[in-house]
Amino acid sequence: FHFLIPYPGPYLDSELLVSMKAKLVFSTVAALLQTTYCASQGSLLKVQEDIVKSLIAKKSKALTPEQKELIESVKAVITDTAIPDIMSAQQEDVKRLEEHTAAFDDCAAHFVEMEAEVMTLIDRMKLSRTTSNTCYNEKSVLDDQFESESTGLETYLSMQSPPSPQLPLTSMGTEVEMYIAELVAYFKSFNATYKDYKLQKSDTNKSCVEKSMECSAKNADYESAYCIMLDEVNAVKGHDAECYSITWTLYEETWTSAVANAASRKSDYGIAMQLLCFIDALLEEDTLASLQKLHGCETTTPDTDFLDMVAPDLPDPSTDSIDTLMAAVDVHIDLKVHCAASEEGRYDGESAYDESPYDESPYESPY
């Protein structure tokens, strides 16, 4: 690089300096070209590489205006395109992480909506159960009334006997007439009373049959409402588990990718800054200042801490919401009702809080 640093002293080997700078610049450009970021900027970086190679190959004592213009263009590409692209990619990863973090809140908000629907179904089920129970209570009263009337009729019949078991000794006369009159009066009274008993019992029996049909219909309504409630609870639990599972998986995948991307960006940024440093050394016309800048390029490590990914705050791991909902359902569990869609169990399905599939996650998955 004696075309840049025309050092007159006999103790500095210009060929050695050329070799050293060539090695540094070439290794820097090569490393930059190998990064993921630069893969999308391949053509621009290829131009940079060609320019640097061309300048290194030449041994003129000063940069020509055309060479200065080219190297300034390379510098502009880095400052105006490469570094802004690195920062833009950083912001994109931060944005994606924020979106996936917000998805946890979306799961919680959706659960609140579904929980409200379950509570509405519980209220409907309770109303239909009360209606059904009231009907069966009324039916029980009618059944007792029918049983009482049946017992009353049986008692009445058991107590009946003709007025006189003995027939008159003669077939004519006052005794016979009185006997016949007594029998007629007895059976007339018996038939009237028996008819009243039978009519009352028949009416009560009819009411019992009608009430039984009514109660069956109302009980069917209750069982339907109960099963709908139970199915909705299972659906809510399953959806909640799926929502958190998918959200956590997407978050961890995004976090893992963002951390890897950040490491690549830090490398790219460091290389870009070092390349800018070398370019500034090339553009420096003062020999001593150029050597000092070159030394600084070789010994200074660019600060890339600002490109570190910051882990977002995730919601506290808690099952309180789902536990509260299940407790609200548990008090209404009716083992006499069999729901086809829920025969496998009220709370079947995978837990909403499975272990994270990533062993190297930055967090222990709370779900």
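Helices here are DSSP runs of H or I with at least four residues, strands are DSSP runs of E with at least two, and both are numbered from the N terminus. The model is a predicted one: local features need pLDDT of at least 70, side-chain atom pairs count only at pLDDT 80 or more, and totals for chains, interfaces and linings use all residues. Residues are numbered from 1 along each chain as its sequence is written, and side-chain values use heavy atoms, with hydrogens and water left out.

By that rule, the protein chain has seven helices and zero strands. Read from the N terminus, the order of elements is simply α-α-α-α-α-α-α. The chain has 367 residues, and 34% of them count as buried. Buried means under 20% relative accessible area, exposed means over 50%, and partly exposed is what falls in between (1.4 Å probe, protein chains only). Contact, another word used below, means heavy atoms within 4.5 Å. Among the contacts in the protein chain with a separation of 6 or more, 83% come from residues 24 or more positions apart.

Next come the helix pairs. Two packed helices are described by the angle between their axes and the distance between the axes. The axes are lines fitted to C-alpha atoms, for helices over the stretch in contact, and the angles run from 0 to 180 degrees between N-to-C directions. Angles under 35 degrees count as roughly parallel, over 145 as roughly antiparallel, 65 to 115 as roughly perpendicular, and the rest as oblique.

For α4 and α5, the axes come within 6 Å and cross at roughly 170 degrees, so the two helices are roughly antiparallel to each other. Sorted by type, the residues of this contact are 51 nonpolar, 24 polar and 21 charged. In this sorting, Ala, Val, Leu, Ile, Met, Phe, Trp, Tyr, Cys and Pro count as nonpolar, Asp, Glu, Lys and Arg as charged, and the others, Gly among them, as polar.

Helix α7 packs against both of these helices. With α5 the angle is about 170 degrees and the axes are 12 Å apart, so α5 and α7 are roughly antiparallel. Here M229, L230, V233, V236 and K237 of α5 meet I322, L325, M326 and V329 of α7. That contact has eight nonpolar residues, no polar ones and one charged. With α4, the axes come within 11 Å and cross at roughly 5 degrees, which means that α4 is roughly parallel to α7.

What about the inside? A nonpolar core is a set of buried Ala, Val, Leu, Ile, Met, Phe, Trp, Tyr and Cys residues joined through side-chain atoms within 4.5 Å. The largest one has 20 residues, and V118, M125, Y226, M229 and V329 have the most contacts inside it. Helices α4 (65–158), α5 (174–283) and α7 (320–330) each supply at least two residues of this core, with α5 giving the most, eight residues. Apart from it lies another core, of 14 residues, including I71, I78, Y269 and L283.

L283, a member of that other core, lies in helix α5. With a relative accessible area of 19%, L283 is buried. Leaving out residues up to four places away in sequence, L283 touches L63, I71 and E72. L283 and K68 are 215 residues apart in sequence, yet their C-alpha atoms are 7.2 Å apart in space. V74, in helix α4, is buried too, at 3%. Its C-alpha atom is 9.7 Å from that of L275, 201 residues away along the chain. E223, in helix α5, is partly exposed at 31% relative accessibility.

Lastly, the aromatic rings. Rings of Phe, Tyr and Trp (its six-membered ring) pair if their centres lie within 6.5 Å; planes under 30 degrees apart count as stacked, over 60 as edge-to-face and the rest as tilted. The count comes to eleven aromatic pairs. In one of them, Y186 and F190 are stacked, at 6.2 Å centre to centre and 20 degrees between the planes. These two residues are four apart in helix α5, so about one helical turn separates them, and both are buried. Ring pairs also link Y156, Y186, F187, F190, Y194 and Y197 into a cluster.
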